[in-house]
Amino acid sequence: EIGVRLVGSEMCIRDRSSPNTISTYMRTLQAVYNRWMSPGIEGYNPVLFKDVYTKVESRTKRALTAEQMEQLRNTDFSVLTLRQQQVLTYFLLMFMLRGMPFIDLAHLRKVDVQGNRIVYRRHKTGKQMTVCIPREALPLLKEFKNKDSTSLYLFPILNAAQKEDYTSYEYYQKALRDFNKMLGVLARWLLPGVKISSYTARHTWATLAYHMDMPIGIICQALGHSSVRVTETYLKPFENERVDKANRKLISTVRKGKWGNDMICNML
């Protein structure tokens, strides 16, 4: 009976969740089950999760370069509409706040800002996060924070959900679609030929951190991943890029004649 409920849960969330999200839910259920019914206890089923997806799938995502992020940050806001300014601001803040997902940004509350930090719980995992607000983010946060005194949200992304009695999930999905649509418009103008979405800010932060040789454990903590294993899978598509970059640097060193005979002899 429990097995049927687990499989049913997976089917219910499959239509609106990625395989990795489903896997997170299933691993959480598996951990709860193993605590409730420890191996060796009568009634324990060792193959209950045999046919349930609990792996982490590696996916190649598009990330921006540091130069492209700087180009977006230096955009002249005076040539943008108010809506375009809001969308670009949210994108930049998501990057500056350690790759914060759009769903977490949208659900930030005014009370989550505590001094120069934002303390909140990840919408996906419930994990508490504490993020220092960079000084570069302060002007954007001040200019585009929620001006509606009756709203609990830090940004006016979900204001209408409170006033029009939408369900939180329905209105968030609408806000996400609108956000990605406007991001596409901005990308065609500011970064021709580059496609970006709400996920790009998070993936760009992780990728740039990885190429700066930031320890994976720190990246894992910054992103709020459930384990280092998730972060390793998250960054796996970029291992070859990193090796190729090192190879280009090595070849450049050889081409410039920086390898003397003594160095070559020492290597043999």
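Two strands are taken to pair if DSSP finds at least two bridges between them. In this predicted model, β1 and strand β2 (residues 117-121) run antiparallel and are joined by two bridges. Within this pairing, Q114 stands opposite R117 of β2. The sheet as a whole is open and consists of three strands in the order β1-β2-β3, with antiparallel pairing. Its edges are formed by β1 (113-114) and β3 (128-132), each of which pairs on one side only. In general, the strands of a sheet pair through backbone hydrogen bonds, in either a parallel or an antiparallel manner.

The largest share, four residues, comes from α3. By class, the lining of this pocket holds seven nonpolar and three charged residues, and no polar ones.

The mean pLDDT of the chain is 81, and 79% of its residues reach 70 or more. Helix α4 has the highest confidence, at a mean of 97, whereas helix α1 (residues 2-14) has the lowest, at a mean of 42. The pLDDT is below 50 over residues 1-15, a stretch with 16 contacts in the model beyond near neighbours in sequence. Residues 259-268 also have a pLDDT below 50, and this stretch has six contacts beyond near neighbours in sequence.

Terms used. Residues numbered from 1 in each chain as written. Predicted model: local features only at pLDDT ≥ 70, side-chain atom pairs only at ≥ 80, totals over all residues. Heavy atoms only, no water. Nonpolar A, V, L, I, M, F, W, Y, C, P; charged D, E, K, R; others polar. pLDDT = per-residue confidence, 0-100. Contact = heavy atoms within 4.5 Å.
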